[in-house]
Amino acid sequence: MTETTPRLGARVMALIDDLARHTDEPGRLTRLYLSPAHRATAEAVLGLMREAGLTARIDAAGSVVGRIEGREPGLPALVLGSHIDSVVDAGRYDGPLGVVAGLVVAEEIRARGLALPFALEVVAFGDEENVRFPTSLSTSKAWAGQYKSEWLEGRDAAGTPLREALVAFGGDPDGIPALARSRADIAGYLEIHIEQGPALEAAGQPVGVVSGIVGLTRARCTVTGEANHAGTVPMGLRRDALAAVAEMTLAVERLGEGVPGAVATVGSVTVVPGAVNVIPGRVDFSLDLRAPEDADRHGLFAAIQRECRAIAQRRAVGFTSETYMDNPAVALDPGFQAALDRTARRLGHAPLRLPSGATHDAVAMAALGASAMLFVRCRGGISHNPAESITLEDADAATRVLLETVLDLAGMSQ
């Protein structure tokens with residue numbers, strides 16, 4: 001008999017609301033990788049997993065992992081999950097929705113007494129947003145055997161090395177290589193995530209199946225001019241680093257608009273010395289480029305670099321750029337996409353097929369086996385914002401699609 005009450009969605013929303021109390025900044029939700037709030041959330045998720053009957057632990061890199069064995073011990077695992085870190089002043093659904101939905105599916109499978117032909121794992125990765133340290137999906141890439149040892153020496157804005165923060169968190173830098181899984185260990189990966197865009201809302205659909213994830217390049221750029229008195233240096237004789245960056249930012253916008261499907265963003269600017277009466281002598285700024293096609297992204301990055309160097313030369317300032325992230329575009333598994341699609345349709349939905357303009361842990365997990373994502377409608381397409389919002393009904397719809405897809409892959413669908 002088909003359930004008519006949003007029981008699973010109510011459970012998901014209640015758990016997400018509870019996790020949202022863990023924050024590093026009173027009055028707003030900020031939960032950066034390896035922070036006290038991250039540790040508190042990891043402990044809370046660990047407790048929920050154990051209460052649900054999963055064998056659970058926090059791994060060496062800070063991910064929370066729970067497991068239910070299949071029909072026999074040691075079978076490859078179908079992994080459900082997402083991340084529990086956040087941006088600064090975040091919404092509560094980006095990441096935790098996928099973790100909690102996976103947990104609720106595991107609870108339901110245990111409640112029904114089902115023995116699956118694969119193990120089921122639920123994971124809460126910890127470094128998807130990559131806000132605190134100059135990394136790239138470090139916790140999921142540890143699983144994929146793609147962790148870069150130099151990430152451990154990267155520092156946050158306060159100068160704390162990742163290695164030191166990981167030890168303080170309770171992790172083990174030396175244990176990270178042993179986290180690498182083999183393809184034989186993983187039966188697949190499914191991730192629920194808010195859409196972070198307006199397409200599902202415009203189509204009137206609660207869920208959509210993700211076709212692929214764009215490639216992403218991030219760089220740290222520095223422009224060096226000459227700090228001097230704002231009142232005594234004529235305009236034509238200044239080497240103003242901020243004026244140069246303003247021109248570079250407009251060039252980034254113009255060049256990004258010229259590549260179909262691409263986006264280019266300068267999202268962070270730090271001005272030194274940052275005084276009202278001093279011409280800026282140095283500016284550090286970030287560069288974020290995304291495109292469905294890697295060739296387009298690489299070409300756009302090269303064009304931006306050329307333009308920035310030309311601006312710097314004309315304005316007699318220095319320009320340097322350090323790329324610290326270069327993730328290729330990822331096509332998600334057609335078979336898993338089809339499973340999500342037919343399950344959603346069986347439940348009465350008409351899911352869109354749409355690409356993801358944001359990167360996700362599924363990028364790393366795709367290296368280990370079949371991976372797919374289900375997007376959930378969010379109000380106004382807003383994310384990375386306290387206004388981020390989904391409905392109880394959509395949470396229920398997405399969780400039921402995930403549950404029935406697990407059963408479909410297990411050959412147990414009705």
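Reader: How are helix 1 and helix 3 oriented to each other?

Author: This is a predicted model in which local features need pLDDT of at least 70 and side-chain atom pairs count only at pLDDT 80 or more, while totals for chains, interfaces and linings use all residues. Residues are numbered from 1 along each chain as its sequence is written, and side-chain values use heavy atoms, with hydrogens and water left out. Helix 1 (residues 7–19) and helix 3 (residues 96–111) pack at about 130°, their axes 9 Å apart, where helices are DSSP runs of H or I with at least four residues and strands are runs of E with at least two, numbered from the N terminus, and where axes are lines fitted to C-alpha atoms over the stretch in contact, with angles from 0 to 180 degrees between N-to-C directions. Angles under 35 degrees count as roughly parallel, over 145 as roughly antiparallel, 65 to 115 as roughly perpendicular and the rest as oblique, and therefore the orientation of helix 1 to helix 3 is oblique.

Reader: How are helix 7 and helix 8 oriented to each other?

Author: Helix 7 (residues 241–257) and helix 8 (residues 294–315) have axes 10 Å apart and pack at an angle of about 150°. The two helices, helix 7 and helix 8, are therefore roughly antiparallel.

Reader: Which strand gives the largest share of the lining of the largest pocket?

Author: On a 1 Å grid over the protein atoms alone, a pocket is an open set of points where a 1.4 Å probe fits, with protein on both sides within 12 Å along at least five of seven lines, and lining residues have an atom within 4 Å of a point. The largest pocket is lined by 44 residues, and Asn 130, Arg 218, Ser 268, Ser 286 and Tyr 324 lie nearest its centre. Among the elements that give two or more residues to this lining are strand 7 (215–224), strand 12 (282–291) and strand 13 (318–327). The largest share, six residues, comes from strand 12.
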